[in-house]
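Here is a short note for a first look at this protein. Please read the points with the model open.

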Amino acid sequence: MQRLRLWLLSIVAGFVSAASVPTPEGFFGHRMGEDRKIVAWDRVVTYFEELDRASDRVLTETLGPTTEGRPLIAVTIASPEVLARLAEYQQIQKQLADPRRTPPELARTLIERGRVVVMITCSIHSTELASTQTAIEFAYRMASGQDWKTSTILREVIFILVPSLNPDGLEIVRRWYEGTLGTPFEGTSPPELYHKYTGHDNNRDWYMFTQQETRLVVEKLHNRWHPQIVYDVHQQGPYASRMFVPPWTDPIDPNVDPILIQLSNMIGMGMAADLTRAGKRGVVVNAIYDFWTPARHYQAYHGGMRILSETASARLASPIEVKPEQIPPTDRGYRPREPSWNYVEPWLGGTWRLRDIVEYQLIAWESCLYQAAVRRRDLLEAFYRVGQRATARSSPYAFVIPYRQWDPSAAKKLLETLAFGLVEIERATGAFQAAGQVFPQGTYVIRMQQPYSSFAKTLLERQRYPDLREYPDGPPQRPYDVTAHTLPLLMGVEVHEVAQHVSVPLQPALRFDFSPLTPVPAGAQLAADIGSWRWVTSRWRQGQPVYRDPVTGDFYGESLPGRQLVRLAEPRIGVYRSWIPVADEGWTRWVLEQFGFRYRRLTNADLLAGQLRGQLDVIVFPDQTPVTIERGYRPGEMPEEFVGGLGARGAEILRQFVGEGGVLVFLNRSARWATQRLVPAVEEVTAKLPAARFYCPGSLLWVTGTRHPLLLGLPDHFAIWHEYSPVWNVPADPNIVPVLRYPPADLLASGWLLGGQHIAGKAALLEIRLGKGRVILFGFRPQYRGQSYQTFKIFFNAVAGF
């Protein structure tokens with residue numbers, strides 16, 4: 001009775017405050033999801049600031065600036081009573097997150113007092129723009145609603161809303177969309193990346209934390225609030241299901257606690273039931289999206305659930321008409337034209353609008369939040385239990401990182417990355433024996449008996465992706481993303497797994513310092529240390545000389561007597577930018593900038609203008625398909641200025657550039673264009689092999705190097721990132737030099753590889769001499785998503801090193 005009385009009093013008070021809450025229609029001049037209407041980011045920010053001022057249920061804060069300087073905001077929504085005690089609830093979350101410091105008796109009390117924290121994040125992929133408008137309408141409902149569900153959510157949940165994880169991209173898409181309205185190109189995607197550096201890959205940054213937006217959200221939301229649920233809102237293609245929600249499809253990373261998987265299944269199925277009950281057809285579960293890589297989510301390794309929804313897209317904000325025959329007969333894990341247990345009511349065509357997307361999302365959001373509210377105690381108890389299981393982990397006992405490393409800067413970066421993800425790192429105060437060897441004082445140790453050991457373990461161990469086929473001995477089931485994420489292999493850091501308990505005197509590591517394996521010559525910057533390249537580019541920018549030892553690769557600031565050093569001039573670097581945007585172009589620029597290299601971007605028009613050698617020394621072609629270089633957009637697909645590729649004329653101009661002494665660097669799949677147009681004598685080994693015989697969809701493979709200037713600073717044997725990459729036979733031609741080869745056996749370092757025997761002993765990196773210049777073909781991604789620090793050195797050697 002008392003609870004009902006309090007609710008009625010809150011209703012009366014709510015009616016008074018609700019009248020002053022600005023409606024989306026009144027503020028923006030149209031309802032959310034209106035055809036051909038995209039909201040500007042500055043207006044979104046202003047609306048949430050107005051909501052904060054008008055409602056005692058809403059707090060809006062700026063987390064910091066985006067990559068391009070826009071405000072990245074977060075909105076906290078709860079009852080006034082809950083908002084008044086946010087510091088107390090945040091402390092409860094912190095206590096429940098670490099069972100080592102919170103005994104079960106205290107945990108039970110905290111669970112009774114605590115609130116479940118749910119974070120919903122929107123529009124990280126900026127062409128998937130509906131969820132920002134959903135955020136506006138849903139926040140208004142939370143700020144003004146008086147119904148029982150809303151009241152329950154406000155009372156039991158701390159709801160953190162991020163209206164966009166990528167405001168810069170929303171503005172890129174909005175400007176393009178409004179500029180093409182009423183033209184044949186209305187509803188097309190912009191001819192540029194919708195994040196300055198990563199494009200679509202901004203949702204692949206949740207363990208390396210390279211981008212500003214990722215770091216702000218992890219540091220100021222995830223790591224402070226420890227959400228029980230993080231719901232990331234996406235859109236998918238327009239022609240099959242209308243919305244996906246969990247359960248996920250296989251495979252699932254075994255490092256994710258089974259409690260979280262089952263809870264995700266429960267919440268997702270509840271969302272599917274609520275959507276179907278509301279008359280929304282075309283909801284699919286347990287299809288399309290797997291749960292393997294930590295690149296796409298953070299919280300599942302930090303005690304919380306990751307919920308994903310993917311709603312069918314329109315043409316940005318323009319409606320589409322889907323004909324029944326356009327719906328595919330099959331998709332991954334279900335048949336879009338037929339009912340099944342995981343797709344009970346097919347959607348078989350019709351008009352699909354931005355408003356439809358908003359309505360599906362509104363239902364899904366309320367369902368997720370209401371389920372969290374009514375099971376608040378269960379979710380808090382499960383959160384605590386996941387932490388208990390993590391801190392009780394016994395195998396492996398620890399990972400050990402020697403303080404002497406081949407690449408000290410890469411080792412430091414690895415530990416800084418783990419520490420940013422709340423991994424506890426300690427340092428031995430004495431020598432100890434483990435994994436069959438003796439480790440000296442100063443060795444770093446990451447014990448697994450800690451709350452976020454799953455995060456450390458999945459990033460430090462080697463992945464063994466399951467061999468999933470469409471049918472026995474048939475083609476492989478394509479992973480949703482990639483299959484490996486072993487940071488020690490990507491970064492070139494020596495790490496040892498310790499299976500059983502060892503007695504080690506330890507203290508917390510307050511900073512991370514590493515020493516090189518070999519003595520540093522006087523005045524030298526080691527080629528093995530990736531940080532040396534920052535020293536090199538800094539001297540170039542200051543107009544100071546750089547010298548290099550052609551044998552060891554080490555760098556010097558002056559020419560020393562008795563040493564045969566070569567002066568290293570700053571290269572004039574161009575990075576090719578096709579009008580069909582590719583994420584790898586952005587990653588290439590990001591890596592160059594992080595290490596201080598100056599470069600210029602080159603469009604088709606820049607290259608086709610010719611006279612390149614007088615302007616440039618090196619031209620880099622990022623990882624992209626040959627057709628995007630050769631042809632680009634066809635006439636009629638985009639406005640005229642964005643149509644076309646390099647074609648035969650571009651190939652001739654590049655051939656002239658190389659003949660005059662220039663260097664062309666082709667990364668991964670772009671190398672196929674080079675072998676088609678520039679060096680046809682090079683034969684690709686796997687070009688005609690079906691996927692059932694050879695398949696490598698993003699894995700780490702072993703290679704062995706020769707003594708070559710491209711490999712200065714590299715060990716003899718290391719791993720490279722192979723992702724649908726070319727592999728070559730090498731003709732008997734002295735002008736074609738195989739720099740890296742795959743070993744004769746045991747190629748897989750981490751991930752998934754089918755048919756490795758077909759590439760055993762073949763070339764992964766070629767240097768081809770043409771005229772006075774060179775063409776360098778990478779059969780891998782040396783700057784993969786800003787992670788592969790070890791092979792950054794090969795890339796830098798290619799563009800600037802000799």
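1. The accessible surface of the protein is about 29800 Å², by the Shrake-Rupley method with a 1.4 Å probe and, for residues, only the protein chains shown as cover. Carbon and sulfur atoms hold 51% of that surface.

2. This is a predicted model: local features need pLDDT of at least 70, side-chain atom pairs count only at pLDDT 80 or more, and totals for chains, interfaces and linings use all residues. Residues are numbered from 1 along each chain as its sequence is written, and side-chain values use heavy atoms, without hydrogens and water.

3. The protein has 23 helices and 37 strands. These are DSSP runs numbered from the N terminus: helices are H or I with at least four residues, strands E with at least two. The radius of gyration is 28 Å, close to the 28 Å from the globule rule for 802 residues, so the protein is as compact as a globular protein of that length. The radius is taken over C-alpha atoms, and the rule is 2.2 Å times the number of residues to the power 0.38.

4. Of the 802 residues, 62% are buried. Buried means under 20% relative accessible area, exposed over 50%, and partly exposed in between (1.4 Å probe, protein chains only).

5. Now helix 5, residues 86-97. Its buried residues are L86, Y89, I92, Q93, L96 and A97.

Technical notes
Expected span 1.5 Å × (residues − 1).
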